[in-house]
Amino acid sequence: MDGKAAPRVTGEGTTRTRLDRGRGALGPALELVHTGRAPTRAVLTAELGVTRATAGAVAAELEALGLIRVDAHPGAAAGSQGRPSHRLEVAEDGPVALAAQVHADGWRAALVGLGGRIVATAPGCETVDADPAKVLGSVVDAAAELLHDTGRRCVGAGLAVPSAVAEPEGLALNPLHVAWPPGAPVREIFAERVRAAGIEGPAFAANDVNLAALAEHRHGAGRGARDLLCVATGHRGVGGALVLDGRLHSGSSGLALEVGHLTVNPEGRPCHCGSRGCLDVEADPLALLAAAGRDPGPEVSLLQQADDLIRTRYADPSVRTATETLIDRLGLGLAGLVNILNPDRIILGGLHRTLLDADPDRLRAVVADRSLWGRSGSVPILACTLDHNSLVGAAELAWQPVLDDPLVALV
């Protein structure tokens, strides 16, 4: 040997240096691809504020982790000039998060990949036992079977429940529409069942409407909003959520935006909370059926019965009057929230989406007439666009550690 250093393969050290410099950008880069805001390497470069070479190294590392796919030879768009930028997509065969949702009419479980894609779903159940441990055990068993059948790697698990979930303990404080005891430690129970099933990764639990808002902000009708208000009624009751500057606002202990207990009819129906005329009992599926003079049946969920009634019987005067009554009640609640929160967008889910579709002008007029900000500048009111957005939001909880630092979470 003559003492000279061995020759370095051209580009090897440079690529490693670029990756080292860009390692802190792995999480932000993954989130940009995950939310569809960086469909190409050129956009990724601009969004991250790094060099093209560093963006390329970051994308290559995410691809090596099995999280995204880089198409180095995309077809050129018609009329474009020059070589098109590499396209970036989430890996279709990549890891998944276990997602579960419990609601008044049953539960469901699914596997959700990056990009909010539902990869597989379990048949679910149409009843909810009074023992949360029994319910969550069944949910996790169903999800574990999905994981076994698909052979996917799991990054963690998320659970959506119809209750405010107190932080940091993860207690379901007010599961009014399922027969669980107040204060049930749902996160602890869920995590124990996940571990017992041999599923890797952390486990989380949160309110279902909060998670719907998170999913819609990242992948649906709320994308691009700065201050997003979400109000929804699913199978029973009404919930709300707020996303501020891209982050879910849950308050000091996870209990923010309990909008279901806004009074919208002082002489109205008694509410489970002890008050009267709350949005929770004046603008949910059961309220619509009662106002239309329909007795709820056992065949399908209350939500489906109410949706079907509006969509197929709207010409019936009793149904139309009931629908208008619920729109007015909902509009009063939204107007109060607009006055307090001044959101730049409102999205509605569940039956509220159907009410908006039935008479959008009426709802928007009530909100505008009853709110200062509504009169001074129209607040867009849109329908949620994601199917099973609470499930997708539950998966977002499990994906968040990966988005924060893919290397630490996966390697």
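Predicted model: local features only at pLDDT ≥ 70, side-chain atom pairs only at ≥ 80, totals over all residues.
Visitor: Hi! Which residues touch the most other members in the largest nonpolar core?
Guide: Leu30, Leu44, Leu62, Leu67, Ile68 and Trp399 do, out of the 38 residues in that core. Helix H15, residues 389-404, gives the most to this core, with 8 residues. Apart from it lies another core, of 37 residues, including Leu302, Val319, Ala322 and Ile327.

Visitor: What does leucine 30 touch?
Guide: Not counting residues up to four places away in sequence, leucine 30 touches Leu62, Leu67, Ile68, Leu114, Val402, Leu403 and Pro406. In soluble globular proteins, nonpolar side chains tend to be buried together.

Visitor: Tell me about H4. Which of its residues are buried?
Guide: Thr54, Ala55, Gly56, Ala57, Val58, Ala59, Glu61 and Leu62 are the buried ones in H4. The helix covers residues 52-64, and at 1.5 Å a residue those 13 residues should span 18 Å. The end C-alpha atoms of H4 are 18 Å apart, which agrees.

Visitor: And what follows H4?
Guide: Glycine 66 does, and its phi is positive, near 80°.

Visitor: Switching topic: what's the volume of the second largest pocket?
Guide: About 370 Å³. The lining of this pocket has 20 residues, and Ala206, Leu211, Leu214, Leu248 and Leu397 lie nearest its centre.

Visitor: Which helices and strands supply at least two residues of that lining?
Guide: Strand S9 (203-207), helix H7 (208-219), strand S12 (247-249) and H15 each do. By class, the lining has 9 nonpolar, 6 polar and 5 charged residues.

Visitor: How many of H7's residues are buried?
Guide: 12 of its 12, so H7 is mostly covered. Among them are Asp208, Glu216, Arg218 and His219. The length checks out too: the 12 residues of H7 should span 16 Å at 1.5 Å a residue, and its end C-alpha atoms are 16 Å apart.

Visitor: Pick one residue there. Why does asparagine 210 count as buried?
Guide: Asparagine 210 counts as buried because its relative accessibility is 6%, and the cut-off is under 20%. It lies in helix H7. Leaving aside its neighbours within four places in sequence, asparagine 210 is in contact with Gly240, Ala241 and Leu248.

Visitor: What about threonine 233, buried or exposed?
Guide: Buried, with a relative accessible area of 1%. Threonine 233 sits in strand S10, residues 227-233. Its contacts, not counting residues up to four places away in sequence, include Val238, Ala283, Asp284, Pro285 and His352.

Visitor: Now the backbone. Where is there a cis peptide bond?
Guide: From glutamate 167 to proline 168, with omega near 5°. Proline 168 is in the loop between strand S7 (165-166) and strand S8 (171-172). Most residues other than glycine have a negative phi, and most peptide bonds are trans.

Visitor: What's the phi of leucine 257, then?
Guide: Positive, about 60°, although leucine 257 is not a glycine. Leucine 257 is found in the loop between S12 and helix H8 (279-282), and at 14% relative accessibility it counts as buried.

Visitor: And histidine 388: where does that one lie?
Guide: In the loop between strand S14 (381-383) and H15. Phi of histidine 388 is near 60°, a positive value in a residue other than glycine. Histidine 388 is partly exposed, with a relative accessible area of 39%.

Terms used. Residues numbered from 1 in each chain as written. Heavy atoms only, no water. Helix = DSSP H or I, 4+ residues; strand = E, 2+ residues; numbered from the N terminus. Expected span 1.5 Å × (residues − 1). Buried < 20%, exposed > 50% of the residue type's maximum accessible area, 1.4 Å probe, protein only. Core = buried A, V, L, I, M, F, W, Y, C linked by side-chain atoms within 4.5 Å. Contact = heavy atoms within 4.5 Å. 1 Å grid on protein atoms, 1.4 Å probe; cavity = no way out; pocket = protein on both sides within 12 Å on 5 of 7 lines; lining within 4 Å. Points joined across faces, edges and corners; volume = space filled by probe spheres on them. Nonpolar A, V, L, I, M, F, W, Y, C, P; charged D, E, K, R; others polar.
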